[in-house]
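Please read the following report alongside the sequence and the coordinates.

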Amino acid sequence: MTTEAAPPPGSAGTPTTSPTVEEFTVVQQSAEFAELRSSYRSFAFPLTVAFIAWYLLYVLLSNYAGGFMGTKLFGNVNVALVLGLAQFGTTFLIAWLYSRHAAAKLDPKAAAIKARMEAGE
């Protein structure tokens with residue numbers, strides 16, 4: 001079976017040149033790469049710390065504040081159930097926020113660095 005499509009770049013039959021270790025080192029030490037790393041860290045680290053604190057608060061409340069966590073809000077729904085479900089909501093919210101941040105700030109910078117490396121600059 002054959003196709004008329006050209007092979008993808010980097011597949012057998014197409015010559016490619018991989019960046020050298022020295023080229024990676026130069027890029028890694030560049031101001032542009034430092035800015036990319038800083039942009040990632042300034043978003044990821046605070047949210048990670050906040051989520052871990054939120055999760056530990058939930059665990060500590062579950063262990064040591066049974067009366068509070070057992071407080072019924074309506075019907076058979078208590079504080080523990082609401083806070084437990086909020087953990088899932090928080091996880092999805094953080095994932096959504098990160099995808100927006102990555103698309104707006106990280107991906108364009110990473111694509112520019114990648115394009116320059118592939119061009120051999």
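The report below describes a predicted model.

**Confidence**

Across the chain the mean pLDDT is 87, and 86% of the residues reach 70 or more. Confidence is highest in helix α2 (residues 31-64), with a mean of 94, whereas helix α1 (residues 21-28) has the lowest, with a mean of 85.

**Aromatic rings**

A pair of aromatic rings is described by the distance of the centres and the angle of the planes. The structure holds two such pairs, and both are set out in the table.

| Ring pair | Centre to centre | Angle between planes | Geometry |
|---|---|---|---|
| Tyrosine 40 and tyrosine 98 | 6.3 Å | 90 degrees | edge-to-face |
| Phenylalanine 43 and tyrosine 98 | 6.0 Å | 45 degrees | tilted |

The pair of tyrosine 40 and tyrosine 98 counts as edge-to-face because its planes stand at 90 degrees, and the cut-off for that class is over 60 degrees. This pair links distant parts of the chain, since tyrosine 40 lies in helix α2 and tyrosine 98 in helix α4, 58 residues apart. The pair of phenylalanine 43 and tyrosine 98 likewise links helix α2, which holds phenylalanine 43, to helix α4, which holds tyrosine 98, and here the two residues are 55 residues apart. Through these ring pairs Tyr40, Phe43 and Tyr98 are linked into a cluster.

How accessible is each member, tyrosine 40, tyrosine 98 and phenylalanine 43? Tyrosine 40 is partly exposed, at 37% relative accessibility, and tyrosine 98 is also partly exposed, at 33%. Phenylalanine 43, by contrast, has a relative accessibility of 19% and therefore counts as buried, the cut-off being under 20%.

**Glutamine 87**

Glutamine 87 lies in helix α4, which spans residues 79-119. With a relative accessible area of 8%, glutamine 87 is buried. When its neighbours within four places in sequence are left aside, glutamine 87 is in contact with Phe51, Trp54, Tyr55 and Tyr58.

In soluble globular proteins, nonpolar side chains tend to be buried together. In this model, the largest nonpolar core consists of six residues, namely Val27, Leu36, Ala102, Leu106, Ile113 and Met117. Helix α4 provides the largest share of this core, four residues.

Technical notes:
Residues are numbered from 1 along each chain as its sequence is written. This is a predicted model: local features need pLDDT of at least 70, side-chain atom pairs count only at pLDDT 80 or more; totals for chains, interfaces and linings use all residues. Side-chain values use heavy atoms; hydrogens and water are left out. Buried means under 20% relative accessible area, exposed over 50%, partly exposed in between (1.4 Å probe, protein chains only). Contact means heavy atoms within 4.5 Å. pLDDT is the predictor's confidence in each residue, from 0 to 100. Rings of Phe, Tyr and Trp (its six-membered ring) pair if their centres lie within 6.5 Å; planes under 30 degrees apart count as stacked, over 60 as edge-to-face and the rest as tilted. A nonpolar core is a set of buried Ala, Val, Leu, Ile, Met, Phe, Trp, Tyr and Cys residues joined through side-chain atoms within 4.5 Å.
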